[in-house]
Every structure is written in C-alpha cells, then in structure tokens.
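Colleague: Could you take me through how to read burial, polar contacts and helix packing in a model of this kind?

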Amino acid sequence: MRAACSRTIDMAIPFPHLLHHDRSQPAAPPPTCAARSQDELKRVAAHRAVELVQSGMVLGLGTGSTAAHALDRIGDLLRCGALRDIVGIPTSEWAAARAAAAGIPLSDLNAHPVVDLSIDGPTR
Ligand SMILES: O=C[C@H](O)[C@H](O)[C@H](O)COP(=O)(O)O
C-alpha cells in the first residue's frame, strides 16, 4: 500500500550555521570541518526536522545515521512530555528496533495509511 504523505522533510541542510541565526546580528562564519563533525551536522539536521513534529502525528521513520538522531530526539521528547500520541511507521527492521528502543509507539500502513510527516536521511 502506498502512503499519502502531506510533508516529507529532506534533512540535507547546506548552511547549518544559519539555522538559528538572529538576523539583527552579523552572521557567524561557517564552522570549520574541525569544529563540526559530520555526525554533529546530522544531529543538527535531525533535530531541526523533529521541530516540525507535532503531537498526534503519524510519522514515517527513516533509516540510517541521520534518522537515528531523529528517532532518539523524538523518544526524548515523548519521555519529557513535549510530544504525545505519536505513531511511528518504520521504513526498515533497523528503524523499528531503533524506534522501539527510543520508546516510540509503532504501527504500520495498514493501520495508519496516511502519514503526516516522514523523516529520513539526505538520500531520500
Ligand atoms: O536508503 C537510504 C536511507 O533511507 C537513508 O536515507 C540513507 O541511508 C542515509 O543515511 P545516513 O543518514 O546514514 O547518511
């Protein structure tokens, strides 16, 4: 079955240092490779995508090292009560295991054929 997705977020962010830039101040210089590892950039992108998640959403849960940060963040937000009533539709067995470990309730497209938002790595 094909899911209807209202929004899909591509987590590739070309200028992550501008994500939270206060426009009344001069922009900070781009971080050097030494200052920000690839994994840290993936974490920033994932957390930025998770900012779009709202309580009650059905989420497509992606696979990979970027998605891992998103799954962990969603789990943290569920635990602290900032998010509730989330249902995750994993895209792989890996995503199912990682999401379950993060405490995200899981379902499938038969039970939830309409996905509100999908979060995956930069290749999707
Ligand atoms: O099939 C590809 C996956 O869905 C991810 O988009 C891809 O593996 C990206 O992974 P990573 O975040 O580890 O670069």
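Colleague: Is Asp-120 buried or exposed?

Modeller: Burial is judged from relative accessible area, where under 20% is buried, over 50% is exposed and anything in between is partly exposed, using a 1.4 Å probe and protein chains only. Asp-120 has a relative accessibility of 17%, and therefore counts as buried. In the protein chain, which has 124 residues, buried residues make up 32%. Bear in mind that this is a predicted model, in which local features need pLDDT of at least 70 and side-chain atom pairs count only at pLDDT 80 or more, while totals for chains, interfaces and linings use all residues. Residues are numbered from 1 along each chain as its sequence is written, and side-chain values use heavy atoms, with hydrogens and water left out.

Colleague: In which strand does Asp-120 lie, and what lies 3.1 Å from a polar atom of its side chain?

Modeller: Strands (E, at least two residues) and helices (H or I, at least four) are DSSP runs numbered from the N terminus, and Asp-120 belongs to strand E4, residues 114-120. The backbone nitrogen of Thr-63 is the atom found 3.1 Å from a polar atom of the Asp-120 side chain.

Colleague: In what order do the elements of the protein chain run?

Modeller: Starting at the N terminus, the order is β-α-β-α-β-α-β, with three helices and four strands in the protein chain.

Colleague: How should I read the angle between H1 and H2?

Modeller: Axes are lines fitted to C-alpha atoms, for helices over the stretch in contact, and the angle between N-to-C directions runs from 0 to 180 degrees. Under 35 degrees counts as roughly parallel, over 145 as roughly antiparallel, 65 to 115 as roughly perpendicular, and the rest as oblique. Helix H1 (residues 38-50) packs on H2 at about 50°, with the axes 8 Å apart, and the two helices are therefore oblique to each other. In this contact (heavy atoms within 4.5 Å), H1 contributes residues including Ala-46 and Val-50, and H2 contributes residues including Ile-74 and Leu-77.

Colleague: At what angle do the axes of H2 and H3 cross?

Modeller: The axes of H2 (residues 65-79) and H3 (residues 93-102) cross at roughly 30° and come within 8 Å, so these helices are roughly parallel to each other. Ala-68, Leu-71, Asp-72, Gly-75 and Arg-79 on the H2 side meet Trp-94, Ala-95, Arg-98, Ala-99 and Ala-102 on the H3 side.

Note on methods. Polar contact = N/O pair within 3.5 Å; in protein donor to acceptor, adjacent residues only side chain to side chain.
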